[in-house]
Amino acid sequence: MSGGRSTALREARRALCDRLDLHGRLWCETYSAAADDWLSRLFHQAVGEGSTGAALVAVGSYGRKRLAPSSDLDLLLLHAGRPGMEAVAEALWYPIWDQGIRLDHSVRTIRQSLEVAASDLPAAVGILQSRAIAGDFSLAQKLVEESHRMLSGRKRQWARQARDSMELRAERAGEVAFLLEPDLKEAHGGLRDLDLMGLAARLGTARPSARSKALLQGAEEILLAARVELHRPTTRSGDRLFLQEQDRIASALQYADADALMAKIAEAGRTVAWIADDVMRRAAPRRSEARGGPVTVAPGITKAGGEIVLEDSVRVDLLPELAFQLAEASARSGLPVSRPALARLAREIPEPPGGRWSPAMLDALVSLLGMGDLAIGPLEALDHVGLSVRLLPEWAMVRNKPQRNAYHRFTVDRHLVETAAAAAAHVRAVGRPDLLLIGALLHDIGKGLAGNHTTNGIALVAEMAPRMGFGPEDTESLVKMVRHHLLLADVATRRDLDDPATIEAVADAVGDAETLQLLAALTEADGMATGPSAWSPWKAGLVSELVARVEKALGGDEMLPSRPQLTERQKERVRRGAITLHLQGETLDVVAPDRPGLMAAVAGTLALHGINVRSASAVTSSNEKDMAVPMAVETLTIHMPFDKEIDLAAVRDDLERVLEGRLELHQKLGERARAYAGRRRRLAALPAEPRVLVHHGASRTATVVEVRAPDAVGVLYRITSALERCGLDVVSARVATLGHEVVDSFYLRDATGAKIQDEALLERAKREILASLEDDEGGESRS
């Protein structure tokens, strides 16, 4: 094949990628047409004279003329038993591969194609939405007709499979509307759901209304435009819209910023998911949704026809609480609220006079939130028809609002709903379940405004709570929950819980046992709703320990300072005079001769082995009369990613080499960082300037220095090395990873063992730490 022909399609794609005036559907159709033209010529050259009995058929996204820059060419070489098709296929496929374009190909007769479609839903969808590119068009049309006839005979079965596949994808990939980094194709509300609705319509099982079709066209254009821009620079595959791509795509599509882009994508995803849920439910109703006679489930609310409906006689305008009651009935029954009932609620429920709720409205919302996860879908239904914003105007500020960091997985509005759902599991553990559920729903409401979200939230909730029907004392409790919703998690992971000053500070802030209960439940619910890096057994244990100690302090127990000392087990290891390591669960004891920089050496060695450090403390034998050689015991809480086995012997050997000067940690960690640099590329768009903060009042016996920096290999090693150069002693450390950022807190003493009073020394320590962090060369999660 000539060089010109072999690069034709690749060059056409590149030229289209360079055309910044083409976006979305228009780009896809233009590229599909270019592929049609090139493949048609290629087909006729391969087949020669006469193409009867053979056709080149586009299926999948290509069949729908929805080719994005990195889409596969999904092709079927269809024939009617014509000989020599293997040679024709080779003449077609090899030139395509020469283009560097991915190819999904098959060579089949109509009968073979139907056999595959009979047991393969994606194949069946692809055939129904296929089109001939070249050759015998009547043969290709016959395939579509035969496929439609076969599938129509089992259309309910196919519809059930389609609905099952949609719900499975939603479980695995989440929802486009609420994820910070959604998969534009596979997540619920994405392009794949549009395909399934097309299948249902072609089979005649269910189809969107004319108005819904118009909404879907608009939503599809938004999703296609984002997908094209995602693929455009490199034509690499992948449909997940990562954080670092969002600014570029927003600019290309002329949105004000990435938040505006993601809000638009969220709205499009909501539209697709909302319509797809309705279409697929009608196409393939579950047994629990089987139609039957009406059954009253609450005053004015009936279960009928597999849905929750409103009775015609009910005065919705006089009973706005019906919105929440209808949603609760849906949550309890597992049946959706009927679309006509939702439309009626949207038409007839007025804004509360002066924004003030009736007691019945508040009770109904609390009861709905108490349903936990079951309430999420019904709440989304109310939101979709505008009732969330009508009843709580402040909700508009957080609706579809992304949180642009890798720590969170949901938009602000979905995070609030998920937190309230998680909090429902704790209603029996608190004295005021209503405050817990409403506090959970509103704890981040301040993120809808610019500035500090906690300060904003305090002001907003102070206004919202009285309107919702809470009295002054309850309003103050809700405000306190917002003010301190980060307190327990921050203190548990960044402060020394053995320091009485830590416990007293939390007790003073919380004030009473009831608030402590509410904050403890909110902290866990908030962490679980945030993401996998926000809540873990380790953090849960620290928060639980903190709560128990604060509870005792609130009860009048005196918190005495704990004097570090060796346990009998540790003394025995110290007497051996050699470096020993002992691992029990996630607790690692490292016994070694006491010397400056020991903690840095331990942290660096663990980082070299890919072991993450979560907390660290040091105890020395200097006060033990029976210890001939001063020894130190570093006690660390560690975590090995992916549950890999820890080779303690190898760690000990490397630590000995480091302490003896035979292993250069800085060099080795640099090599490890470079080896893993590619894993962190997607965080590169989220730079965070390192910060060093000093908290003089956090402890009576030590100075607390907090370091915030991007996550990388060896961060703890570099910080502790910097502290060593300043002659500072690390008594203990708390290490927390918040998505792409680390927050490390160090309890420090000077060379005399006292709290640091020398401000010049602290300024030097700040400079040394920041200088050490500038050496970050990237890498995996660190120690």
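Reader: Is Asp259 buried, partly exposed or exposed, and what is its relative accessible area?
Author: This is a predicted model, so the values are computed from it. Buried means under 20% and exposed means over 50%. Asp259 falls in between, so it counts as partly exposed, with a relative accessible area of 26%.

Reader: Which residue meets Asp259 in a salt bridge?
Author: The two side chains come to 4.0 Å, N to O.

Reader: How many residues apart are Asp259 and Lys401?
Author: Asp259 lies in helix H13, residues 258-283. Lys401 lies in the loop between helix H19 (395-398) and helix H20 (412-423). The pair links distant parts of the chain, 142 residues apart.

Reader: Which parts does the pair of Arg66 and Glu29 tie together?
Author: The side chains of Arg66 and Glu29 meet in a salt bridge at 3.6 Å, N to O. Arg66 is in a loop and Glu29 is in a helix, so the pair ties together parts that are 37 residues apart in sequence. Those parts are the loop between helix H4 (60-63) and strand S2 (73-79), and helix H3.

Reader: Is Arg66 buried or exposed?
Author: The cut-off for buried is under 20% relative accessible area. Glu29, its salt-bridge partner, is partly exposed at 34%. Arg66 has a relative accessible area of 16%, so it is buried.

Reader: What is the N to O distance between Arg19 and Asp21?
Author: Arg19 counts as partly exposed, at 38% relative accessibility. Its side chain meets that of Asp21 in a salt bridge. The N to O distance is 2.7 Å.

Reader: How many salt bridges does a search of the whole structure find?
Author: Some salt bridges are linked in a network. Its members are Glu267, Arg270, Glu380, Asp383, Arg399 and Asp413. For the whole structure, the search finds 54.

Reader: How many aromatic pairs are there, and what form does the pair of Trp27 and Tyr31 take?
Author: A search of the whole structure finds 3 aromatic pairs. Trp27 and Tyr31 form an aromatic pair at 5.2 Å centre to centre, with 55° between the planes. Planes over 60 degrees apart would count as edge-to-face, and planes under 30 as stacked. This pair is tilted.

Reader: Why are Trp27 and Tyr31 separated by about one helical turn?
Author: Both residues are in helix H3, residues 24-47. Trp27 is buried, at 0% relative accessible area. Tyr31 is buried too, at 0%. The separation is about one turn because they are 4 residues apart in H3.

Reader: What is the angle between the planes of Tyr94 and Trp97?
Author: Both lie in helix H5 (residues 85-98), 3 residues apart. Tyr94 is partly exposed at 48%, and Trp97 is partly exposed at 37%. Their rings pair edge-to-face, 5.1 Å centre to centre, and the angle is 85°.

Reader: Which ring has the charged end of Arg414 over it?
Author: Elsewhere, Arg339 lies over the face of Trp274, 3.6 Å from the ring centre. Arg414 sits 3.7 Å from the centre of its ring. That ring belongs to Phe178.

Methods:
Residues are numbered from 1 along each chain as its sequence is written. This is a predicted model: local features need pLDDT of at least 70, side-chain atom pairs count only at pLDDT 80 or more; totals for chains, interfaces and linings use all residues. Side-chain values use heavy atoms; hydrogens and water are left out. Rings of Phe, Tyr and Trp (its six-membered ring) pair if their centres lie within 6.5 Å; planes under 30 degrees apart count as stacked, over 60 as edge-to-face and the rest as tilted. Helices (H or I, at least four residues) and strands (E, at least two) are DSSP runs, numbered from the N terminus. Buried means under 20% relative accessible area, exposed over 50%, partly exposed in between (1.4 Å probe, protein chains only). A charge sits over a ring if NZ of Lys or CZ of Arg is within 6 Å of the ring centre and within 35 degrees of the ring normal.
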